[in-house]
Structures are given as C-alpha cells and as structure tokens.
Amino acid sequence: MTESAAETIYQEISKVRLIDPHTHIDPLAPASKTLADLLGYHYYTELAHSAGMPKESIEEEGISDKEKVQRLVSNLGPIENTAQYGWLIDICQKFFGLEDNRLDESNWESIYDNAESKMTAADWSDTVLKESNVESVFLTNDFDDPLEGFDTCTYIPCLRTDDLVFHLSKDSIQKRLQHCSGVSLDGSVSNLRDAIEQRFQHFKKNGARACAISLPPSFTPESISDGRTETALSDILKHGENASPANQTALSNRVFWTLAELCEQYQLPFDLMIGVNRGVYGNGVFQGQDLYDSRVSLIQYRDLFNAFPNVNFPISVLASVTNQELVSYAWIFPNVITNGHWWYSNTPSFIAKDATARLEAVPQNKQIGYYSDAYKLEFVFPKFDMYRRVLANVLSEQFVRNSGWNIERAVELGHRVLRKNIEQIFPANQ
Amino acid sequence: MTESAAETIYQEISKVRLIDPHTHIDPLAPASKTLADLLGYHYYTELAHSAGMPKESIEEEGISDKEKVQRLVSNLGPIENTAQYGWLIDICQKFFGLEDNRLDESNWESIYDNAESKMTAADWSDTVLKESNVESVFLTNDFDDPLEGFDTCTYIPCLRTDDLVFHLSKDSIQKRLQHCSGVSLDGSVSNLRDAIEQRFQHFKKNGARACAISLPPSFTPESISDGRTETALSDILKHGENASPANQTALSNRVFWTLAELCEQYQLPFDLMIGVNRGVYGNGVFQGQDLYDSRVSLIQYRDLFNAFPNVNFPISVLASVTNQELVSYAWIFPNVITNGHWWYSNTPSFIAKDATARLEAVPQNKQIGYYSDAYKLEFVFPKFDMYRRVLANVLSEQFVRNSGWNIERAVELGHRVLRKNIEQIFPANQ
Amino acid sequence: MTESAAETIYQEISKVRLIDPHTHIDPLAPASKTLADLLGYHYYTELAHSAGMPKESIEEEGISDKEKVQRLVSNLGPIENTAQYGWLIDICQKFFGLEDNRLDESNWESIYDNAESKMTAADWSDTVLKESNVESVFLTNDFDDPLEGFDTCTYIPCLRTDDLVFHLSKDSIQKRLQHCSGVSLDGSVSNLRDAIEQRFQHFKKNGARACAISLPPSFTPESISDGRTETALSDILKHGENASPANQTALSNRVFWTLAELCEQYQLPFDLMIGVNRGVYGNGVFQGQDLYDSRVSLIQYRDLFNAFPNVNFPISVLASVTNQELVSYAWIFPNVITNGHWWYSNTPSFIAKDATARLEAVPQNKQIGYYSDAYKLEFVFPKFDMYRRVLANVLSEQFVRNSGWNIERAVELGHRVLRKNIEQIFPANQ
C-alpha cells in the first residue's frame, strides 16, 4: 500500500512546474555544449580524483572536450555507487538516449556524439527547461553583474554577497565595487553603505528576488558600531589583505549587518548557507577543495534573527547534524525558513532524514523543499527528481500511512514545498 | 507481517496503565476548562506565531476564551502538517466528538461547545485519567509549594530546582526560600544547606518521588569548596543579581552539588534535562522563546556521575544529536538512565531514531520510555499514543522481525519501558 | 520484493571469505578456553555492571571460570534486549548447540560444559576460523611485540602506537622502546626517530600491514619543529610524567607526525580511530571505563591529510554524529578511507545509518565495510553477521529497489566493501 501510494504521489508531484530557487547557472550559457560540461561538474572531477585519478590528468590544459570525457569516463567505475553518478545516468537516459544504467568505455562515445548534436540546437536551453518541467531558475550573480542580455523572468537574478562580506580587503573587490556603484570608498561608513545600497537598487530594478551568502562555521553575526567600523575600514583601505584580522572580522560583520538592513529596506529574503570551510584540501580539483566543521550552531545567529524580524532568512545547513537546530529555530522564529538540502547533505539518506524532521514540525508555509545548486540546466531535472522520490516516500509513509491523510492532501503538501512557498517567500516585483 | 505485528504490539501495550513520570500539571486544576486551555498550549501559540500570526493577536488581554480559540483556529492551517497539530486532533476526536481530521473554521464552534460542557463536569479530570488509561502523573513543583489540597498518590510531587540553582541571586527567591524553610540565610554554607534540606524533608514527607532541573548547554557541574562558596554567597546576599558572574556561577554549582548530595541522602532520583537556552527569541509568545545550542556533551557531567554512584540520574537531552552519548553513558554508568523524548526531540522521526538506539544498547531496566511534559491532563493521551505507535514499530522491526523475538516478549519489553521501570526507578515511599 | 532481495544478497555475501582488518586477538591464544572468556568480554561485564551487578562480584579474584560464568549469566536478564547479547546467543547457537535464544540459569551449565569440551580440541582456533568463513585477522600489537610463534599470514601484525604517542613520558615505555629497538634515547630528535623506525623495520619484516592508533577528541595533529621537539624531549627524559603538559603535547604531536612519515616511507596505511576519552568512569569494570565527547571534527586533521597525500588513512569515528564528516572527507580527500563501525557506533541502527550514507556518496573503492574488534575468534562471526544483515538490507533497499540495480551488482558491491578493498588497501608484502 505504502509503495503504491508513494508512486502515485511521485507521479502527481512530478507534474508541478518547477521554480528552482538556487542555482549557479550562467544565463548567457545556461546549458551544456558537450558532455564535457556535464562531466566537468565538480562532483565528477572530485569523486574521480578521490577514487584515484590524478588531478593533473583531469585538469590538463589544452585537451579537447572529447579527450576530457574519455579520461573521466574511464575513471567513473569506482563511483558508480554514488548518488551523484546516478544524476549523470539520469541525464544521459532522459536527454541522450542512454539505455543502460552505466556510462562506460563501451558506450560513452555514441552518447557523447548524440549529446553534442542535440546541444548545438539554438533552442537547447529551452528544450531542457521544457523537458525538465522547469519554469525559471534563480541565479548566483556577482555584485557587479550588469544583469543584461537575458530574460530575468526565466533567469532570476540573486545578489551573491560573499565577496563583499569576506573579501572587501582585496584591492580587486574594492575597485570592482567602486566601479560598478559609481561610489568612491572614502573611508566613511555612510559612503560604504551607499556603494552597497546602489547594488541593491541595481539588482532590485533588474528583478532580483533574493540576496545570498555562504558562511564559514566560525561566523557569528554581530552589530558593529560606526566608530569601530571606521577604524576597521581605515586599516583595510590602507593595508588591504594585510590589515589586522580583528579589523577584517569587524568589517565583515558590519557589511553583513548592512546587507541585512538593506534586505529589510528592499524587501529581499536573505539566503544564508551556513557552515562551509573553503580550501580545506588545497590540492584538490577546481571546486573540490571545500569541507566543513560540523560543530556550528544557529545560536550564533540569535542576535541577527532578533534584530531583523521583517527579513526572511531561508537557511541551508551544510551538515545534517545541524538540521534539528534548523527545524527548531524555524519552528520558533517567524523569520527562519528551511531551505533545501545543501551539498554534502544532498544525498538520499540525509534528505530523507532531514525532510521528515522538517515536515513533521515546521509550519508548512516555511519550508522551501529543494533547489538544485546546478551549474548547467541539465542537472536541474535529476537532482529535483532525486528529491521528489524521497519526498514522495516521506509523504506516503509519514502522512498517508501514519497520519491517515488521503493522497490528495499529501500531494498538496508536496506542491507547497516544491513550488507554492517559493512564489510566496520570493515574490516577484509587483 | 511486520505491520500486523506492530499493530498487535500497539494494541497490547496500549493496555498498560500509565504512570506519567514528568508533567507540568497543576494538581488543583489538572484538566482544561475550555478549548482555550488546549489551544493556549505553547506548541499551538508558538507554531501559529511562527507561521505568521502576530503575537499581539494571540496574547491580547481581555479577550474571551472563545475569541482566543477562534483566532487561533483560523491560523492553524499552516501547521496542519505538524505532529503537534496531530495531538490536538487526537484529543478532539477522543474526547469531544470530532469526526474529521481537521479542526477549522467550519467545525470548531461545535467542538468548543461540546468540550466546554464536558469540561464543566466535576469529575472531568478523573474521566480524562480513566479514558486515557492513566494511573498517576508526576508534577513539577516549585520548591516552596505547600503540596496541599490534592491526592499525592495520583498527583505525585516532584521538587523542581531551577530557581534554587540559577536564580538564588534574586531577592524574591531568597525571600521565598527563607520563608518556606523557616531558615534565615546568614551567609554560612551550612545554613544554606539547611534551608534546602528542609525542602527535601517537606517534599519527601509529602510523597515526592523525584528532584528535577533543566540545564543550559554551558553548565558543567563541579564541586565547590566551602570557602569559595562563602565568598560567592556573601557577594550574592549583598549585591543580588549584580553579584559577579563568577560568584553566581560558583553558587549555582554549589547548590547543584548540594542537591545531588541531598538526593543521595533522601533517596530521590535527580532528573537532569540537559541543553536548553532560555529566552533566545525574546519577542516570542509565552513559553515559545527557548531554543538551544546542540554543542553539548555528557562529558561535562563526568565528575557528577562519578561522585554520586548512589544517585540515579534519569537524563533527557534536548537535541537528538546528543542521544548517542546518552545511550553510551547509560550503557557504561550504572547511575545514568535514559529518560523520554524531550521537547524539540519529541516528534516521531526523532523518537524512532532515538528509541531504537536505546533499545538495542542500553540495559532494559535503565530506560524510561516516555513522559508527556503536559500542562493539562488531556495531552497525556495523544503524546503517549504517538510514542506507543513508534515504540510498537521499533519492537516489531528490530525485535520481532530482525531478532526473532515472539510478540509476547516484545510486548513485555514495551511494558517495561512504559511502566515497570518507572515504578522501580521512582519507588513510592514505603 | 525488497525483503526477499535482501535475503538473497545476505546469502551471497555470506559466502565471501573474510579478512578481518582489526581485532585484538592474541595470536598465541586466539580462541576461548571456556565460556568465561566469552562472558568476560567487556561488553558483558560492563553492561551487567551498568544494569546493577557490583564490580566486586564480577572481578573478584580467585573465582573459577564456571563460578564467573554462573554469576554473569544470572545478571544477563536486563541486557537481553541488546545487540551485544545477541552476539553471545549467536555464538552459543552456532558453536555450542544452544537451541533457545536465551542463555539463562536454566541452560547455561550444559552450554558451558559443551563449550569447554569443544574448546579443548587442539585445532579449536582453526575450527572457529573455518566455520566462521574467516581467512585471516589483523592483530593489535604492542610496539615491542616480538611477533614470534604464530603464522603471520593468518594472524597479521599491526603496529599499535598509542603508547608511543601518548605515554612516552612514562619511564616504562621509554625503557621498552630502548630495549626492543636497541636505540638508546639520548635526547636528539634523530635518535628518537631511529628508535621508532627500527620498529617499523621489525614490523614490516614480519608481515605487518597497518599502523594504528586511537585518539582522544582533543587531539589535533600538527607538525612540530626539531627545536621545539628537543626542548620537549629534554623535559620528558628528565621529568617523565611530571614534564610540563605543553611539552608532553608537543612530543605527542612530533611522535605522531613521525609515525605518519614512516607510514609513507614503509608504505603502511595508518588507521586512525578518532574520539575516545579514556577512563571517564574510573570505577568501571576492566575495559568498561572509556567514553567520549562527540564534539570532535575531522577539520582537526586537515594539516595531516594535506601533508601526507601518499599515506592512506582508514578512519574510524566513535560517534555516529561524526559519520557525515567522515563521508565528506573521504569523498574529497583521496587518502581518507572510511573504516568500519567502531565500538559505540557498532549497533544495528547506527551501522544502517552510517553505512547507507557512505555507500551513496563515497567511492566504492574507499570503503572498508567492517572489522570485528574482537578479542577472541568466536566473536568474529556474530559481529560480521550483524553487519552482513544490515549491509544486505541497505543494498537491497538503496540499490536494488531505489536505483534499479540487479542482485548481482549489489552483491558485487557487498563483496568489495567486505573483502576486496581490504586486500587492496592493506596489500600483503610482495
């Protein structure tokens, strides 16, 4: 009974046209050009490397796309058990005619050629969106992105702020901020705020629906006074990355707090992605170097949540051990929203555990079920499909079987976390 | 097979007459007077508030019970998915004739009226106890509770000690302690102990079967010398809440240690409820402001467990990530007992995970399966019933299916954690 | 369907002849002589003690084996629910003709006598190995073990290094190291390294296939300069255990780092067993005193993993809350390998959770499924069998049902984590 209910629910929620609330897609090149764009995704390069493939072989300069794919395919054997490998197979089956459930030396070349010919079609991106049942995707835009040359209804801007908070001591970031905002940093706090506010105006005018940032486990937001900020800013404008760590931390905190103020003023949700340590494995492949310390707590965000009751904070946690805190904080704080299943927690068993805990204790209007985090459009489908399978099981077991709900009601809850909440929490400009 | 075994086990363990080893019930008003007492439970007010209902609307002074219920009911839609909402439906179905599995604007008024008429019966409390198959409930009594006017066999006193440990610097607490104990605090350690001991005598004489306290994640019990205590006590008697934090901490530790000594002397188990931070969301609704930092460890209690081998410590942990430590410490320390599923860990998926880990590794005579933590008698039934459902599944899957036990043996284990252990760990006065 | 697939997979993977990559077996007395050797295993003594049996009754000097067994058997009732009790029943059923699934006062004596007569057979160890389908077991050898008198192909040496890293300030350890290595510690760093290297030569020559250590939660490996090491070594050679804690920590770190260097040089994997606090319950029974602080992170090992890319680190974590970090670090770092289910995480529900997370995200060639940690050969079978049952369920549910694998492919994955990876990660000397 449970299994057939799960299947029915899965079929029904698969009909929901998706809005993907967080991706890294380039709106000027949203889909892949060859299979190398898919296999170049860090999940495959880092797992192949972890399983024994030398970094040099993966990242050698000047090799052709086909050569790169051939090399990687011949190193995928050890990762066939992973969920990430499953996404690749799903893509090749759905879009490129793969019939087997392996991509290996015996079949990759025909898939490569087939994919290349499909990907050259001018409307390939639109085809992928349509076949994936996706209406729009949120982007991850640098603060100085001109946001031009694409349809911001399909590719929705999102102001990514890691650089402003954590790298403002770099000369290059200061220059970029001054250049794009037209505000010259003169060392005053109001002037710094003006520069950042100009960016909010730019993004808001261009349809941005969120501000976002990823944060290390050590980060604890705190309000910094004007005087303290000026001291820090002065040191940083003078000494750049050689400024004292205390001043850099103070400025990070002040910029972060300013972002929260501007999110309130410009009515943008502030996505917090909590818990990543960058560059832990310095010799890893591109984008395959970050890890974490799971000893992080949302108690670190206590002052922030209290200070900004009018800002919605969709929150992602990197480690599943933090999920219960997320559930509890979202249960108590009106402005804390659960947001997707991030990165190292984005595999079926963690999703199942974490989604169940949320669905049984967090108000249903405060849960953003999933985002793909994809770099290329093709990945939106298999990642959401993995989530839909897990979600259908949870709805079937916890709500239909254990709580006596009928299928329709379970599907309605699925629709809500898959789409309806995204429309309500990230409203389009009126 | 497993599902029908689970159902049989559930039916059998539902026949066990319950002793609820931890509640907040007022023995002078144990049951509800109207539906407002049920919907006023912090789970509903805090979840409705989290889902968007203004605190002012919930806590407005002077509104009638019926008005309060109407307001809350019209804000329950977003929390229909929660386990806590499920308890409310269970109560309305069991006691007040609700046939639907929703309480909403279409049906609440007839349920309200029906409940009110039932609740006015003089024997309503006894009816609830009887229909819930409950024999007795433990209370949570202030240290200066006279313990008069109720049957202490049904409503079993329990000495709650948070005020003594964490608020003795308040003038009001000092006055209350002096008044009820008849001992005037003169600044000596022995005199402080006498005052507290007088309370143990009072509680013991009136049938108390436990001492209890809730503790913040930072608390690490330690033995404080007489000299150090006198210094601290002197500062606190002179400066009250303005005494130095170090002195306040020292006195907290000394009082806590004294309580453990008196638990040994008066043969009372000492319930430790570990991990809560009070007032994290200061603008939250009444009793909906507390959260936690899950970075707590039972290693903090190492000295305590070693120092008091003759005191039983039934332990509750707020976060499920601490459950494995609880399992391991109960497996090694004879005086550590697992106790229920507390607050933010009291939803089905956490109960299932935590109960399974306990049942497979902690001696069966050291597990207190569940307590309701209820403020009104009506909630004992749905909360225990949630636990019974989960317990029946665990017994069926882990013991009947995986370990080849027969149903009788599984039911016997269920009986033990539901009732027998409570009688043995909290023995009645002889 | 899933249940019958699981049964088929279980039957198939049970045919895999085992290499047990971590035990504490004494190669000169690998199997038990009486049931007292089995019931004397710390799991039974510590659980019986935790359940109420006095330590004095368990560890009384001079009692006969039979008396000891009788005493323990009469105290096993409270632990019948535990997985550990299940191992004992499995052994008694498989080897000694127990038909019931309880060992109690009604039947223990005939089992005792039957076991004793079987155990006296000269080839009892070989019988146990054969009936358990075990080819060989890794040992845990003191650094000064002569490694003589046994077949190192069946009983594979492993250099255990806790004493060198954490107890070198003890005079007895210094003397033993000097004596066995023939190198007199003169206070120079090179000389200390020579002494340790001599041990690697000795172990390597005698077929050692791993170096191993258990580590407290506080340990954070770091490279120590020669100068700093000399200062520390000088203090320790002069003042022994009274040397300053800072110097003791510095020397621990330097010795640990030297071990990693020698593992690289001698091509030995370095098993790290992370997270144990020794002697937390000082009055506990023998080997029943250790617990842990689950607040540990693999970020503490960041420098080590980066500094030794050519050393394989099979890693065990004591607490299941650290498992996700282990999964993520093994997914990113080529030299991090997941290793078994250790001690307090070695019960079915933790194994199921942890193994699932590994199988869905860590390359399959980097997972050592299980080791028994046994002190006597008889325990290898029931412990591995517990793991096989869980593994078969995971393979059936996550791979056959959810990912569409056929049974053969699932069995192949099982074979890999049960045996093939052990042969590849711990290669025999060529």
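Predicted model: local features only at pLDDT ≥ 70, side-chain atom pairs only at ≥ 80, totals over all residues.

Biologist: What makes you say that chains A and C are related as by a three-fold rotation axis?

Modeller: Look at the superposition: a rotation of 120° with 0.0 Å of shift along its axis puts chain A on chain C, with an RMSD of 0.0 Å. The two copies are therefore related as by a three-fold rotation axis. They use different surfaces, though, with 6% of the contact residues of chain A recurring in chain C.

Biologist: What rotation superposes chain C on chain B?

Modeller: A rotation of 120° with 0.0 Å of shift along its axis, and the RMSD is 0.0 Å. Here too the copies use different surfaces, as 6% of the contact residues of chain C recur in chain B.

Biologist: Back to helix α3 of chain C. How do you know that it is mostly covered?

Modeller: Count its residues: eight of the nine in α3 (residues 42-50) of chain C are buried. The buried ones are C:Tyr43, C:Tyr44, C:Thr45, C:Glu46, C:Leu47, C:Ala48, C:His49 and C:Ser50.

Biologist: What do those buried residues pack against?

Modeller: Elements from two chains: α15 (323-332) of chain B, together with α2 (35-39), α4 (55-59), α5 (65-73) and α6 (83-96) of chain C. After α3(C) comes C:Gly52, with a positive phi near 130°.

Biologist: Next, why is α12(C) called oblique to α13(C)?

Modeller: The axes of α12 (residues 226-239) and α13 (residues 245-265) of chain C come within 8 Å and cross at roughly 120°. Roughly perpendicular stops at 115 degrees and roughly antiparallel means over 145, so α12(C) is oblique to α13(C). The crossing is left-handed.

Biologist: Which residues meet there?

Modeller: From α12(C) you have C:Arg228, C:Thr229, C:Thr231, C:Ala232, C:Leu233, C:Asp235 and C:Ile236, and they meet C:Asn247, C:Gln248, C:Ala250, C:Leu251 and C:Arg254 of α13(C). By class, the contact divides into five nonpolar, four polar and three charged residues.

Biologist: Now some loop residues. What makes C:Thr347 buried?

Modeller: C:Thr347 has 25 other C-beta atoms within 10 Å, and 20 or more count as buried, so C:Thr347 is buried. You'll find C:Thr347 in the loop between β10 (336-339) and α16 of chain C. Leaving aside neighbours within four places in sequence, C:Thr347 is in contact with B:Glu360, B:Ala361 and C:Ala83.

Biologist: C:Trp343 lies in the loop between β10 and α16 of chain C too. Why does C:Trp343 count as buried?

Modeller: C:Trp343 has 20 C-beta neighbours inside 10 Å, and the cut-off is 20 or more, so C:Trp343 counts as buried. Check the backbone as well: phi of C:Trp343 is positive, about 55°, although C:Trp343 is not a glycine.

Biologist: Last one: why does A:Asn133 count as partly exposed?

Modeller: A:Asn133 has 15 C-beta neighbours inside 10 Å. Buried takes 20 or more and exposed takes 12 or fewer, so A:Asn133 counts as partly exposed. A:Asn133 sits in the loop between α8 (124-131) and β2 (134-138) of chain A, and its phi, near 60°, is a positive value in a residue other than glycine.

Methods
Residues numbered from 1 in each chain as written. Chains lettered and ligands numbered in written order. Least-squares fit on C-alpha atoms with pLDDT ≥ 70 in both. Contact = placed C-beta atoms within 7 Å. Helix = DSSP H or I, 4+ residues; strand = E, 2+ residues; numbered from the N terminus. Axes fitted to C-alpha atoms, helices over the stretch in contact; angles between N-to-C directions. Parallel < 35°, antiparallel > 145°, perpendicular 65-115°, else oblique. Left-handed = near helix turned anticlockwise from the far one by under 90°. Nonpolar A, V, L, I, M, F, W, Y, C, P; charged D, E, K, R; others polar.
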